[in-house]
Amino acid sequence: MRKSTVVCALLLAGCNRHQSALAPFGLEARSTLTMTMVLVIGALVIALGVAAVYVLAVRAPEGRLDHAGGMRMVLWLGAIVPSVVLTALLVWALPAMRPLPETAQNLRIHVEGEQFWWRVRYQPQGQPPLISANEVRIPVGRTVVFELTATDVIHSFWIPGLAGKMDMIPGRTNRLVVKADKAGTYRGVCAEFCGLSHALMAFDVIAMEPASFDAWLAVSREPPIRTQGRGAALFAASGCNACHSLIGGESIGPDLTRFGERITVGAGILAPTVENTAAFIRDPHRSKPGARMPSYSAMPEADALAIARWLKEAGR
Ligand SMILES: [Cu+2]
């Protein structure tokens, strides 16, 4: 009983961040959904039609349809109608395959797939880049160009509510042009098996009104304010800065500059609480087998909590 309550709560919690191609918030996903509906309804109509013909044929008096009549029916229903329908569908669907138009002025967001997280770099035209991780923010109503690549193995970048999948391949940059049309918080996932924690490699997508997006971008360029307490000392003493940047620089692990603002911990896996962060720091492999972060199981829980609290200070 209690177990099922927990399962239900977890399932419902998953509904906060929509991850569904059936609930589109962008142009490409919207046209894909329309096409899917046309195909599903069309297939249903055809199947019902075939069933109706079958029933009529069985019930018809013998000899009603001579050999020539039968051949005519095969010609029409077996060749002409399908050719016309398929050609019409092709002509109708071809334009949807064309990528959205883009210009050099469009915001570029470089996303690199890592085992098992996402390295994110915003590259607004004429401004210095902004580094982040495990979350992408996009302005509603503006064209955004994702530049996708990978460090280690092939991943696939998929935001079901926004657009189709795009492979992330080491040594190559694939582009995905998108336009969101509805603000909200959504979820993206890795859609290509990439190792042990492949299924635990998700990210948050926050589609914002353009003005709030610009404001967020401006604020994010300010160095974050952090106290210099126990958390700071422990972070340095434990060698965390060997892999994590707190000033938006290049780093081995996810950038933690504005960690307090993230709405999940561990690339879309855990709720953003201090407790979850501390648990992740002490034993990242419990929630993510194979994660490329050493575990700090010898670290006292109080220390992990102090670091977690301190990390969460910045970015809110
Ligand atoms: Cu992956």
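Q: Into which domains is the chain divided?
A: This is a predicted model. The chain is divided into domain 1, covering 18-65 + 99-220, and domain 2, covering 230-314.

Q: How many Å apart are the C-alpha centres of domain 1 and domain 2?
A: The C-alpha centres of the two domains lie 29 Å apart.

Q: How many residues are in contact there, and what area is buried between domain 1 and domain 2?
A: On the domain 1 side, 24 residues are in contact with 23 residues of domain 2. The area buried between the domains is about 1,900 Å², and carbon and sulfur atoms give 50% of that area.

Q: Which three residues supply more than any other three of the area that domain 1 buries?
A: Those are Ile-131, Leu-200 and Asp-204, which supply 27% of the area that domain 1 buries against domain 2.

Q: How many salt bridges are there between domain 1 and domain 2?
A: The count between these domains is 0 salt bridges.

Q: Changing topic: at what angle do helix 2 and helix 3 pack?
A: Helix 2 (residues 27-59) and helix 3 (residues 67-93) pack at about 175°, and their axes are 13 Å apart. An angle over 145 degrees counts as roughly antiparallel, so helix 2 is roughly antiparallel to helix 3.

Q: Which residues make that contact?
A: Helix 2 contributes Thr-34, Met-35, Val-38, Leu-39 and Val-53, while helix 3 contributes Met-73, Leu-89, Trp-92 and Ala-93.

Q: And what is the make-up of the contact by class?
A: The contact of helix 2 with helix 3 has 8 nonpolar residues, 1 polar residue and no charged residues.

Methods: Residues are numbered from 1 along each chain as its sequence is written. This is a predicted model: local features need pLDDT of at least 70, side-chain atom pairs count only at pLDDT 80 or more; totals for chains, interfaces and linings use all residues. Side-chain values use heavy atoms; hydrogens and water are left out. Axes are lines fitted to C-alpha atoms, for helices over the stretch in contact, and angles run from 0 to 180 degrees between N-to-C directions. Helices (H or I, at least four residues) and strands (E, at least two) are DSSP runs, numbered from the N terminus. Angles under 35 degrees count as roughly parallel, over 145 as roughly antiparallel, 65 to 115 as roughly perpendicular and the rest as oblique. Contact means heavy atoms within 4.5 Å. Ala, Val, Leu, Ile, Met, Phe, Trp, Tyr, Cys and Pro count as nonpolar, Asp, Glu, Lys and Arg as charged, and the others, Gly among them, as polar. Domain bounds come from an automatic or database domain assignment. Buried area is the accessible area (1.4 Å probe) that two parts lose on being put together, summed over both. A salt bridge is a side-chain nitrogen of Lys or Arg within 4 Å of a carboxyl oxygen of Asp or Glu.
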